[in-house]
Amino acid sequence: MVLTFVSGTRSLLLTYERSYSYTMRCVLLAQLFEPMVLGGQTLPNRFVLPPLTRSRAQADGVPTPLMAEYYRQRAGAGLVISEGTVVSPQGSAYPQVPGLYTEAQVEAWRPVVAAARSKGAAVYAQLWHVGRQAHSSVQPDGRPPVGPSPIAIAGWEYRTPDGPVPFEVPRALSEADIAGIIAQFVTAARNAVAAGFDGVELHAANGYLFDQFFNSSSNQRTDRYGGSIENRLRFLYEVIEAVSAFVPVNRIGVRISPSSNWMDVSDPDKRSLYSALVRGVSDRRLAYLHLVEPGIAGAVDAETDPTAIESTELGALFDGPVIVTGGHTPETAAAAVGSGSADLVGFGRLFIANPDLPRRVLHEAELSGLREEGLYAGGPIGYTDYPELQSSN
Ligand code: PHB
């Protein structure tokens with residue numbers, strides 16, 4: 001009798017506990033489905049498709065119908081950010097990356113952008129110049145790539161179709177060259193608007209051109225683009241200023257990776273560097289600050305360094321929407337949104353493998369894992385062949 005009573009109570013308690021944790025989980029995840037306003041647009045949820053290089057454009061950087069299908073499948077995000085899209089042939093390191101510098105590219109982006117917004121997402125183009133991460137084998141006229149200073153990337157190799165080769169010493173940009181690149185960003189931003197994008201994100205992360213200017217390991221200039229932190233940030237600020245003539249500042253986002261040394265960008269005082277940057281872009285009232293989480297280096301997981309700068313620390317310096325991307329689960333994302341430390345969360349690998357990720361999270365459906373095959377380049381396999389939930393679910 002007593003035993004029956006005890007075990008009955010225990011099972012009741014267990015049931016209660018399970019339903020309590022289930023309810024709490026639902027309450028937590030509900031944070032991801034709160035609409036929010038970004039750049040004057042209402043986003044239906046807090047999920048971001050972050051920029052992901054998938055290399056399915058034509059060799060001339062013209063987007064393909066297959067890309068439209070890929071973005072249509074992932075249109076359930078609140079914010080869709082395009083894969084890195086180069087502002088010029090010089091800004092490109094790899095074949096089959098899309099561009100926004102020819103009329104044919106603009107035309108071919110239109111149906112891709114329309115597909116990406118088919119479920120109410122805001123759609124931003126990520127504008128990209130790789131600087132010294134390119135290679136003469138893919139540069140116009142076969143010349144070496146460009147960078148702030150003639151310092152090659154050490155410790156990493158450039159991937160050619162025939163295997164890895166050392167990075168080359170870049171040609172240092174003159175002030176006139178820098179003005180030319182700023183003009184390329186302006187043209188690409190105007191083209192993005194013409195193609196239907198709602199805004200643009202400047203790719204200032206992962207050791208690409210902006211990041212090469214920020215960090216002293218790659219920027220040893222003695223002119224107004226090097227030396228002090230303000231000088232190293234000048235190129236970014238000038239691009240923002242120039243682009244804002246055609247895209248309102250509240251439709252321009254900036255993406256940075258403050259804790260990553262990926263591709264040999266280092267600085268003795270990253271905390272002062274990126275804190276100054278975040279304050280500077282905050283003053284400019286941009287659409288958002290997009291932070292790559294410390295556990296990520298480029299496209300892969302990294303050991304978290306104890307000196308890493310937490311996203312919460314930098315996000316607190318930014319007066320506006322903050323996006324965090326890298327290694328999040330729906331639960332950690334909801335906790336970040338719930339605590340106010342982030343407004344939006346990017347899911348790269350989860351969105352590749354689960355095209356209808358928000359819907360799956362809403363229905364507590366199982367999430368698929370990522371396959372290596374087709375991550376970069378190729379056709380539909382590993383790109384548009386990840387299944388969506390059946391509508392009965
Ligand atoms: C990549 O192609 O692996 C890649 C591209 C852009 C990034 C990071 C990684 O920002």
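Trainee: Why is R224 called partly exposed in this model?

Mentor: This is a predicted model, and R224 comes out at 37% relative accessibility. Buried means under 20% and exposed over 50%, so R224 falls in between and counts as partly exposed.

Trainee: What makes E175 and R224 a salt bridge?

Mentor: Their side chains meet at 3.3 Å, N to O. The cut-off is within 4 Å, so the pair qualifies.

Trainee: And what does that pair tie together?

Mentor: E175 lies in helix α4, while R224 is in the loop between α5 (209-214) and α6 (229-243), so parts 49 residues apart in sequence are tied together. E175 is partly exposed too, with a relative accessible area of 35%.

Trainee: How do you know whether D198 is buried or exposed?

Mentor: D198 has 15% relative accessibility. The limit for buried is under 20%, so D198 counts as buried.

Trainee: Which residue does D198 meet in a salt bridge?

Mentor: R117, at 2.8 Å from N to O. D198 sits in the loop between α4 (175-194) and β11 (199-203), and R117 in the loop between α3 (103-116) and β6 (122-128), 81 residues apart. R117, at 30% relative accessibility, counts as partly exposed.

Trainee: Why is D301 called exposed?

Mentor: D301 reaches 52% relative accessibility.

Trainee: How many salt bridges does the count come to?

Mentor: It comes to 14. There is also a network of salt bridges linking E69, R72 and E388.

Notes. Residues numbered from 1 in each chain as written. Predicted model: local features only at pLDDT ≥ 70, side-chain atom pairs only at ≥ 80, totals over all residues. Heavy atoms only, no water. Helix = DSSP H or I, 4+ residues; strand = E, 2+ residues; numbered from the N terminus. Buried < 20%, exposed > 50% of the residue type's maximum accessible area, 1.4 Å probe, protein only.
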